[in-house]
Amino acid sequence: MLGIKRLSLINNHLSSQFPPIPYDESLDNYRKRGEEINKEVLLRHIFGDSYERIITFRNHMKNDPIFNHHDEAEFSRSKKRERVVQQIASIYFKAIISYEYCKAGPLRKYELLYALCDYDIAVATRISIHLVLYIDAIETLGTSKHLEHIKRAYSLLDYGCFGMTELGHGSNVAKLETTATYDHSTREFIINSPTATSAKWWIGGLGKTSNKSVLFARLIVEGVDKGINAFIIPIRDNQTHDSLPGVIIGDCGKKIGLDGIDNGFMLFKNYRVPYDSLLDKFSSITNDGKFKSIISVKEKRLGTMMVGLIGGRVAVVSAAEQHMKIGLTAALRFSAVRKQFSSDEIENPILDYPLQRYKLIPHLASLFAIRSILLWCNKHLPIVQQKINENPEAIEVSEYHAILSACKGVASWYSSSCLQQCREACGGLGYSYYATLGRIIMNDNIGSTWEGDSGVLIQQTAKFIFKQVQRNFKGHAIDAPSLKCIKVDHEKLMQFKAKFENSEQLENENSLFELIEYRLNYILYQSLMKLQEATGNSKDMFEAWNKSQVFYLQELAKTYGEYIMMREFAKFVKELEEKCEKTGKVLRKFFVLFSVGLIQKYSASFQDSAINAHQAKVVRESVVRLCGELAEVSIKVIDAIAPPDSIHGSVLGVANGQIYAKLIEQVEKAEEVYDKPHWLPLLQKIKQIKKT
Ligand SMILES: Cc1cc2nc3c(=O)[nH]c(=O)nc-3n(C[C@H](O)[C@H](O)[C@H](O)COP(=O)(O)OP(=O)(O)OC[C@H]3O[C@@H](n4cnc5c(N)ncnc54)[C@H](O)[C@@H]3O)c2cc1C
């Protein structure tokens, strides 16, 4: 330690215009506080079977100078995109990603994406559009004749994109306007963009990179609209990289973040592709030119096709957790070092203040809740993908879809709120680019929109719950295991009174589940009543459904998502306790904080009758006390889960706690730090004008 301290002093002294900065022991001191945990056990528990491979990918990045956030700080959009391709090339071949490698383990590509997302979601997304969206679409919607496209994609002989969204439509996929008209004389499809709003828009990797695209278009056979189908088509010449005749490709321009992704637009003018371009697992055209589908009801066809495209949504949940982890690494380590005010001479680290603890610690608890549901999603993803092949309408499939949709929404909203708190928790220094929070906030921001707008997506969760309840009304048992707690008994619901009198009783796991299950049943009952009322004064069910969103159906779906997260968090803690009692004990407190936090957040609806004023006070006091206890151990916890400094890139989150030295070093390395501005003559001219 002495050696490191001396080195840090010498380095600082030799290269800086600033006075020497003594080694700051604040973070080391905070690290000694709180209960003991076993960091390795915790990280292994979090990463599960992926542990070794994620660490290997991390090491590839750590040892490769092409992964360097500070180099990239002043990069132009074009340079950033070039750098992302260099990074992908570097890691893809070191990681030996191939068709065989990914077939050997369905989660393997997600492990690479996970490691890359800790560095920058732009890099992870650039490759995930290709590896997950493009390849999974061919795999889910295509047949054996399309296997060659998949193999070429894994070998990077083709680089693919996912062409669904158009300028005019994103959420309402059924209304996409691009047409693919079948010409039986040549057994080809003629693709056209009939309107400006039918231009494919926002397509990641399309702007500059891809030579192939999965394309969603309206299939016309014998003049009849057969609905949206998917195709695999070439879009650029593989040698010259020119767009093919009949295809117009452009770049969507400057975005508010994610400079590293080349989002593009695409238009078609009588572009002909052969029959085999149709991904024809569900629908095909016979040799005598007749449309045929294994799903006879047209309205059901699109939904069934979409069911398999779930991998991207799991990646969004993961990104939310990863962004929270990086934000909290910066904010917590900074807060242990940063000092402001005291009642005596020695100032307090701001992490000692209950207000700062309340700002940050509940988000650390939510991070573990998201991680827990992610472990569940990862475990069930291959099972559900298999099930989709057998029966896309199986209950396991629709339940997975409902849970994932709710959790995608909840996780994306949690991460936005967490990152804003992290930025505020770091005060002005949090606004520096080198704190990394600004970059992450803008990159994370899209999580609530892409892969399906969260507010639209969770309506599908609400629909799923309603369908299950309808089954119950018709005398059948609810067949989704996650909804076994549903009891549509109004009388009993209204009589419910929480029993806890003090924090110990409140924080008991059974008591916490009883309360959150009550909340779920209560909001369900309210939603049913609201929908019934709205049905009476609306022109149709569509209007009634929309009138019941605010305060009801949206809340129902969110509560369900949070309930499932809580259920998985409880399992996560139990399994951890079996591996290491002391670490499990600390994580159990995070579980309790997450759960009590939900009760506190929803206290308005609890207080209708279920929780009295005294109990509400117990809930609030519990939150504050748990935040205090967990803040003491929070540096150890963040140490366990934080990626290495070179990967998270935040000067405020450096593991050695030398935040001021690191920030100064970075600022002094930036372009033109001590230079006169090139616009000095303009400044002087203005002064001259003022004088005369
Ligand atoms: C950076 C980036 C990358 C992307 N990459 C891809 C890609 O690679 N491939 C691809 O195909 N797409 C891509 N997309 C598109 C993305 O998936 C869509 O933007 C997303 O699905 C939302 O659709 P939208 O933009 O049409 O929003 P809209 O549906 O127009 O939503 C706008 C607002 O209307 C509200 N709204 C819509 N319908 C309802 C309703 N029924 N009830 C209440 N409110 C409603 C929404 O909640 C939202 O607030 C990308 C987008 C971005 C920004």
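**Core and helix packing in the predicted model**

The protein chain averages a pLDDT of 94, and 97% of the residues score at least 70; pLDDT is the predictor's confidence in each residue, from 0 to 100. The model scores ipTM 0.99 and pTM 0.96. Because the model is predicted, local features need pLDDT of at least 70 and side-chain atom pairs count only at pLDDT 80 or more, while totals for chains, interfaces and linings use all residues. Residues are numbered from 1 along each chain as its sequence is written.

The domain assignment, automatic or from a database, gives domain 1 (160-304) and domain 2 (478-634). Their C-alpha centres lie 43 Å apart.

The largest nonpolar core holds 188 residues. Such a core is a set of buried Ala, Val, Leu, Ile, Met, Phe, Trp, Tyr and Cys residues joined through C-beta atoms within 7 Å; buried means 20 or more other C-beta atoms within 10 Å of the residue's own, with C-beta atoms placed from the backbone. Phe231 and Leu593 touch the most other members. Helix H12 (residues 311-337) gives the largest share, 15 residues. Contacts of Phe231 (C-beta atoms within 7 Å) include Ala180, Phe189, Leu215 and Val273.

Helices are DSSP runs (H or I, at least four residues), numbered from the N terminus. Helix H16 (residues 454-473) packs against helix H21 (residues 549-579) at about 80 degrees, with axes 8 Å apart. Axes are lines fitted to C-alpha atoms over the stretch in contact, and angles run from 0 to 180 degrees between N-to-C directions. H16 is therefore roughly perpendicular to H21 (65 to 115 degrees). Among the residues that meet are Ile458 and Ile465 in H16, and Leu553 and Tyr560 in H21.

Technical notes. Buried ≥ 20, exposed ≤ 12 C-beta atoms within 10 Å, placed from the backbone. Helix = DSSP H or I, 4+ residues; strand = E, 2+ residues; numbered from the N terminus. Contact = placed C-beta atoms within 7 Å. Parallel < 35°, antiparallel > 145°, perpendicular 65-115°, else oblique. Lists of a residue's contacts leave out its neighbours within four places in sequence.
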